[in-house]
Amino acid sequence: MLSSFKSEWKPFEDLARSFAAKELAGKTEEHDRYPFGEFFHDVLDKAYEVGFLGIMLPGELGGAGGGIGTLCTVLAALCRADSSPGGIVFTNALVQKILLAADARDIAGEIFGRASSAGGFLAAFPSYTHPAHQDNLPEYKRSGRGYSLTGPVDLLVLGGLARRAIIPARAGSGRQGSFFLIDLDHKGVSKSEPVFTLGMHACPAVDVRLDRVRARLIGEEGKGEEYFDRVLPAMHVAAAAMNAGIMRGALDEALAYARERFQGGREIIRWSEVSMLLAGMAVKADAADMCVTLACQALEQGEAGWSSRCAAAALHVHEIACEAVTDGVQVLGGNGYMKDYGQEKRFRDARQVQALLGSVPARKLDLIRKVSGV
Amino acid sequence: MLSSAEVSNRLSGFPRFEDMSLSLPYAPRMPKGMVRETREVVAIARTFNDEVARPRALELDRKTHEDPGYMPRDLVELANRWGFYTMWIPRIFGGRGYNMPSMSYFAEEVGSVCLGIMNVIGVHYLGVAGVVASANTRLAKRILGEVVRGEKTGNPCLIALATTEPGAGTDVEEVELVDKGRVACHARRVRGGYVVNGTKVFISMGHVSTWTVLYAYEDLKRPSETTVGLMVKTGTQGFSFGSHENKMGQRVCPASVLVFEDCFIPDDQVLFSTDMVRKFTKKPIREVAQRYIDYVVGATRPGVCAFGVGAARGAFETALKHASTTTMNGTLLINHEWVQSMLAEMYKNVALGRLAYTEANYANSHRGLYKILQLKPVYYYLRLMPQAYFDKVIGPMLEKDYSTRLMGKLSYDWARPEDQRCCSGWASLAKVAGTDLGVRNCQMAIELMGQTGLRQDAGVEKMLRDIKLLQIYEGTNQLNRLNVFKCLIAPEIPQARVFEEDR
């Protein structure tokens, strides 16, 4: 729906929608059974083939060279059908943005430029955290010409699938963090089974314990927070686009059901109490699209002052998404609670997406610190 | 000062004083023994939580994802051994006879650990309420007697209740709506009983229950006037189970599909029918059917509120533990002011929810389904007389027609409409309040806990999945809000019409 605001995004939306129709529609429940069912490697391979795993990565580094608008358009269209592939695209984009922010094009080229499969193109990241808000980051030490990392990383997204990961770490007790590239096949890496989480089951995460794992510094030492802050505005909007897509999907299904389901002698959409629920969802879905679009346009044009607005827009979109998906279940009554329909998954996924890039209260406090300067 | 006539006049205006606070007039009338009993019930629930529910809740939830066909037979056997399936069955029927409001406190306790496990215990009492509210003492004695024997012999005998149909959920909860609904479960009168055809869905614990209270209709065009309540035993020819639903939460408690194909139910298993009702009242059958529904949901919806309060408390306790052991910027979360404020808000939600079910229980205790049991002399009589007295003296009386007629007169003919509205309205009010507050607390806990909150092994994400069902079952909160309007507000507004909105 974002393309209705800007026609340049239309081809990417069409591509993502046709991908969703072909690869995701009718299979979301099956895909969501992971880790108790099979992982959808075929979908991942196809997402790689069409370029979804490197949308914002420059062409010379193996990416599609798109802007934030393209990324958000694709994420919203994918998440309208199933948010798990959206989570994978998001995490890979986050890693790529961090590498570019740190001007580590050499490392990006090594990972993405040389990859020849989806597995090789993936990179893992603890996407549900803001490293600066985490007290228990792994510790790094100089080791010969390089570095070594020791400590736990919880919920390392794609950690069970990717060969490499970007890990935030600190030196001893200092607060300044740095980013490192590690090889997940290193003998000092021990991984848990996929962690069973609330939503986005097919965008899995593992808990990882690092024991003197060889690591390459990304950019400069102690500048991790600066790099992360640089990528945050765009990635906040990307996460918001995911929830905008989820909301759109919830509204689609609620409207379709309300037109068909009879209660009290008429279609439930003809009862005003249900109409009010639907209206609330429609308002929220449109508001979310507008927030995302405006933020994308401002970011693409390099307008000043959008850093905190993007964070604010994302917080707002996530909040209304979590309300809208709750009502989405409610419109379908008992059916909304069952896995035969898509609403229960959206109810779970919206909360999971909201948690991307750190806890909500921490992000709110961060926002007001930045806005006020206090 | 005002004269007593003036006071009465003032207090009869909207909201009527008697509807404003139920605890104020009724708390002093409560038998003191109920407090002692409730303390014991809470202690039992906490023991069960420590020994059974807490060690198993997450593991069982995970198991149901690994094996979607999982049935909680082991849990049912355990709950049976703990005596939970007879705990709130009155002693005249052979049960342990704990006071009904104490079940809400129990539900809050066990629900604070696992709503699924609580439903495995609690939904049986929806069936019990369906049996008892019918006024059919003969059949109640027989069925509840089997539950009691099932406990003694170690073969659990549970009762499920089947109302919802594939095409009708909200409609079957309201007599006003059912004639416009798409009900399809048909009971044909034949010599010696009924033959039933139809399907029921979302029937909690259907697969593992021995008896099902089944509602069907003699005339599908006039269901409100032809409602039939039937007791169907699992294994009866023509009664089978379809799949059980693949739910988001409360997965340990199956929601079953029940299929009836030319299923014959003999007369002695008819719980409620027009012919039976005519033996004790001349009131329109629609009115009696609505009263019957209201008795059942009026008693069970406060329980759902307690389930919601349980989840609200579970979320609060989980968040509190997390905040007490996790740091942010080097300071324990619990020492951040925003965290203290959030935790206080959650604690407040728990307390308000508890007040809601307490008020609704006062309505039922003094103006509803079990008001006779709560009269002080009756309460102590039932507590103190030896069980042999009930078995040998009262038991045979329950099987006589006069007993059913008396219960019918008491419950239907002599009951006041304003009491029905009070109980039903407060039950809906509590249900909406407790479940909405529960959802809110689970959401707040997940937000507070950040990425930890997303993990199944941290507990709170399961609470969010589990509690969502409470806003839907026992009437969606949308229907329940309309019922609050219908029962507590509309009677004051002559021009108000409910369930008749213009298109």
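This is a predicted model: local features need pLDDT of at least 70, side-chain atom pairs count only at pLDDT 80 or more; totals for chains, interfaces and linings use all residues.
As to handedness, the crossing of H12(B) and H18(B) is left-handed.

Which residues bring these two helices together? On the H12(B) side they are B:Gly308, B:Ala311, B:Gly314, B:Ala315 and B:Thr318. On the H18(B) side, they meet B:Val460, B:Met463, B:Asp466 and B:Ile467. By class, this contact comprises five nonpolar residues, three polar and one charged.

I turn now to the domains of chain B. The assignment gives domain 1 as 16-157 + 277-494, and domain 2 as 160-276. Taken over C-alpha atoms, the centres of these two domains of chain B are separated by 23 Å. Where they touch, 44 residues of domain 1 of chain B are in contact with 31 residues of domain 2. On the domain 1 side, the elements supplying at least two residues each include helix H4 (33-66), helix H9 (137-153) and, once again, both H12 and H18 of chain B. Which element contributes the largest share of that side? It is H12(B), with seven residues. The domain 1 side as a whole divides into 23 nonpolar, 11 polar and 10 charged residues.

Next, the interface between the chains. Here 40 residues of chain A are in contact with 41 residues of chain B. Several elements of chain A give two or more residues to this side, among them strand E3 (146-157), helix H9 (272-300), helix H10 (306-331) and helix H12 (360-372). H11(A) gives the most, with five residues. The side of chain A that touches chain B holds 17 nonpolar, 13 polar and 10 charged residues.

I close with chain A as a whole. Its secondary structure comes to 12 helices and nine strands. The radius of gyration of chain A is 20 Å, close to the 21 Å that the globule rule gives for 374 residues, so chain A is as compact as a globular protein of that length. Along its principal axes, the C-alpha trace of chain A spans about 75 × 45 × 35 Å.

Technical notes: Residues are numbered from 1 along each chain as its sequence is written. Chains are lettered from A and ligands numbered from 1 in the order in which they are written. Two residues are in contact if their C-beta atoms, placed from the backbone, lie within 7 Å. Helices (H or I, at least four residues) and strands (E, at least two) are DSSP runs, numbered from the N terminus. Ala, Val, Leu, Ile, Met, Phe, Trp, Tyr, Cys and Pro count as nonpolar, Asp, Glu, Lys and Arg as charged, and the others, Gly among them, as polar. A crossing is left-handed if the near helix is turned anticlockwise from the far one by less than a right angle, and right-handed if clockwise. Domain bounds come from an automatic or database domain assignment. The radius of gyration is taken over C-alpha atoms; the globule rule is 2.2 Å times the number of residues to the power 0.38.
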